[in-house]
Amino acid sequence: MWKQVTLGSPGPHQVHGCSPEPEHTMAKRVAVIGAGVSGLSSIKCCLDEGLEPTCFERSDDIGGLWKFTESPEDGMTRVYRSLVTNVCKEMSCYSDFPFQEDYPNFMNQRQFWDYLHKFAQHFDLLKYIHFKTTVCSVTKHPEFSETGQWEVITETEGKQERAVFDAVMVCTGHFLSPRFPLESFPGIHKFKGQILHSQEYKIPEGFQDKRVLVIGLGNTGGDIAVELSRTAAQVLLSTRTGAWVISRSSYGGYPLNMMITRRFYTLIQRVLPSCFLMWIQERQMNRRLNHENYGLSITKGRKTKFVVNDELPTCILCGTVTMKNGVREFTETTAVFEDGTVEENIDVVIFTTGYTYSFPFLEEPLKSLCVKKMFLYKLVFPLNLERATLAIIGFLSTKGSILVGTELQARWATRVFKGLCEIPPSQKLMAEAIKKEQLIKRGVIKDTSEDKLDYIPYMDDLAASIGTKPSIPFLFLTDPRLAWEVFFGPCTSYQYRLVGPGKWEGARNAILTQWDRTLKPLKTRLLPEPPKSAPTLHTLKAWGTLVLFASLLLIYKSSVCLNLMPGKLRTEFSLS
């Protein structure tokens with residue numbers, strides 16, 4: 001039997017911008033699907049706005065893919081044990097919950113997962129999560145056009161339950177269904193070795209003394225190739241596109257994210273021509289590492305791609321990782337590459353070819369529409385819904401932290417649910433998207449929907465919709481020290497807690513102390529301070545400087561006076 005719960009209905013949403021808080025707002029129930037990075041922020045944002053969240057998580061713990069398991073559970077994607085974050089802690093934390101200062105700048109899986117647990121415990125989020133509960137379907141309520149409500153069917157230990165919610169936040173991310181393009185590799189079915197997707201890779205044990213072919217040069221492909229190079233007999237890394245390989249650290253050893261993600265640089269990028277910026281970027285990349293020599297350079301005509309990996313160049317230099325072109329075909333034991341070279345006795349092929357987008361619990365045509373990013377308003381709201389009561393949270397790829405982006409998405413979405421922020425009419429948005437899609441099919445414009453978003457512009461766009469974007473000119477007038485850090489320093493998430501809804505009193509201090517937390521974990525070797533100079537030596541130095549300055553001043557004045565004397569008198573004075 002079904003257990004059914006009927007909830008309150010929302011009023012219609014308005015158009016454009018944000019509205020003041022209504023005097024009487026009915027509490028709304030929101031279904032949150034998934035308790036990973038975006039799910040946790042969605043629960044908290046619901047609570048911040050006075051909404052009632054109910055989160056459904058099909059596993060037995062929070063953290064999503066950051067919860068390590070030895071083998072995939074029910075097809076769920078989990079990180080491999082050796083994973084290290086590629087965005088530093090100050091640039092990838094929740095905006096009102098900084099990492100502890102002694103945390104390393106780049107964390108392993110366990111440390112980041114612990115942070116998520118502390119976040120959930122600090123804001124008391126766990127009591128809103130139903131674990132081991134799978135969402136079977138999300139469908140429109142029969143009166144959706146008036147109420148915007150959704151019917152959600154869930155299953156827990158074989159028992160199904162139906163409930164009606166006023167809004168739904170889908171927080172399942174985009175690592176749900178592995179992309180296994182076997183049809184693009186002729187002869188792969190003849191291959192007698194082991195074939196697996198990176199979703200199945202967890203630890204390097206089991207690959208000792210084997211010849212491994214890793215297909216795909218991304219962050220995951222680079223990580224797996226490097227790790228296996230320590231145990232495998234040989235690792236071949238195949239790429240059709242190439243990539244720019246960058247390090248986690250920048251000049252001086254500071255985290256790269258904090259050095260390049262700045263409002264000042266974004267302003268420069270808007271002013272200077274893109275071709276000039278690309279030229280500078282390529283020169284800087286090749287100054288550290290000649291990508292052509294290492295077989296990493298991007299194939300002409302391919303999109304620019306960046307891979308964060310500190311060890312891959314060294315592995316290539318040492319011969320433990322060999323770069324190869326794309327695979328043309330397979331035989332029973334060999335791989336033939338596009339340049340005609342052949343590698344024999346391949347034991348394992350690992351596909352690091354990413355994931356396909358999927359929302360299996362949604363109904364058509366919504367299911368098909370949501371996987372097309374151009375049909376999501378600000379990558380959050382499906383354009384074909386007459387009522388904006390379903391939000392896709394975390395379905396984005398930016399040149400920065402996904403965590404920070406998902407949090408701001410959730411903050412905006414919950415205010416849209418309450419009618420405090422407005423979006424344009426669905427008919428208008430849908431018509432514009434269809435027109436754009438037609439132009440792309442005709443080749444008039446390029447499809448950029450799958451490109452990584454410029455981090456600060458996207459974040460500022462969401463923040464402006466909420467009313468939390470900091471005003472730089474106003475800050476320079478009222479708080480110059482803070483304004484300097486906001487404009488010229490790293491664009492950390494705390495900036496979006498300085499003003500507006502959700503303002504956090506600790507945001508200013510968090511910004512002004514962000515470098516302290518960055519350097520703290522590095523200060524583990526305390527050196528004795530150099531002996532202080534005796535007071536007399538300081539006194540002599542001070543007086544010596546004054547005497548030297550006075551002497552120079554007298555010499556200058558003397559030369560001026562001498563030049564002003566009559567010629568004969570000046571000669572006599574100089575001879576004396």
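This report describes a helix pair, a cavity and some loop residues in a predicted model.

## Basis of the values

The model is predicted, so local features need pLDDT of at least 70 and side-chain atom pairs count only at pLDDT 80 or more, while totals for chains, interfaces and linings use all residues. Residues are numbered from 1 along each chain as its sequence is written, and side-chain values use heavy atoms, with hydrogens and water left out.

## Two packed helices

Helix α6 covers residues 263–271 and helix α12 covers residues 455–466; they pack at an angle of about 105 degrees, with axes 10 Å apart. Helices (H or I, at least four residues) and strands (E, at least two) are DSSP runs, numbered from the N terminus. Axes are lines fitted to C-alpha atoms, for helices over the stretch in contact, and angles run from 0 to 180 degrees between N-to-C directions. The pair α6 and α12 is therefore roughly perpendicular (65 to 115 degrees; under 35 is roughly parallel, over 145 roughly antiparallel, the rest oblique).

Arg-263, Thr-266 and Arg-270 of α6 make the contact with Ile-456, Pro-457 and Asp-460 of α12 (contact means heavy atoms within 4.5 Å). By class, this contact of α6 with α12 has 2 nonpolar, 1 polar and 3 charged residues. Ala, Val, Leu, Ile, Met, Phe, Trp, Tyr, Cys and Pro count as nonpolar, Asp, Glu, Lys and Arg as charged, and the others, Gly among them, as polar.

## The cavity

The structure holds 1 cavity of 30 Å³ or more. On a 1 Å grid over the protein atoms alone, a cavity is a set of points where a 1.4 Å probe fits but cannot get out, and lining residues have an atom within 4 Å of a point. The largest cavity has a volume of about 60 Å³, the volume being the space filled by probe spheres set on the points, which are joined across faces, edges and corners.

Its lining has 13 residues, with Pro-382, Leu-383, Leu-385, Ile-423 and Ser-426 nearest the centre. Strand β23 (381–382) and helix α11 (426–441) are the elements that give two or more residues to this lining. By class, the lining divides into 10 nonpolar, 2 polar and 1 charged.

## Residues in loops

Leu-379 sits in the loop between β22 (376–377) and β23, and its phi is near 65 degrees, a positive value in a residue other than glycine. At 11% relative accessibility, Leu-379 counts as buried (under 20% relative accessible area; exposed is over 50%, partly exposed in between, with a 1.4 Å probe and protein chains only).

Arg-230, in the loop between α4 (219–228) and β13 (234–238), counts as exposed at 53%. The peptide bond from Glu-364 to Pro-365 is cis, with omega near 0 degrees.

Terms used: On a 1 Å grid over the protein atoms alone, a cavity is a set of points where a 1.4 Å probe fits but cannot get out, and a pocket is an open set with protein on both sides within 12 Å along at least five of seven lines; lining residues have an atom within 4 Å of a point.
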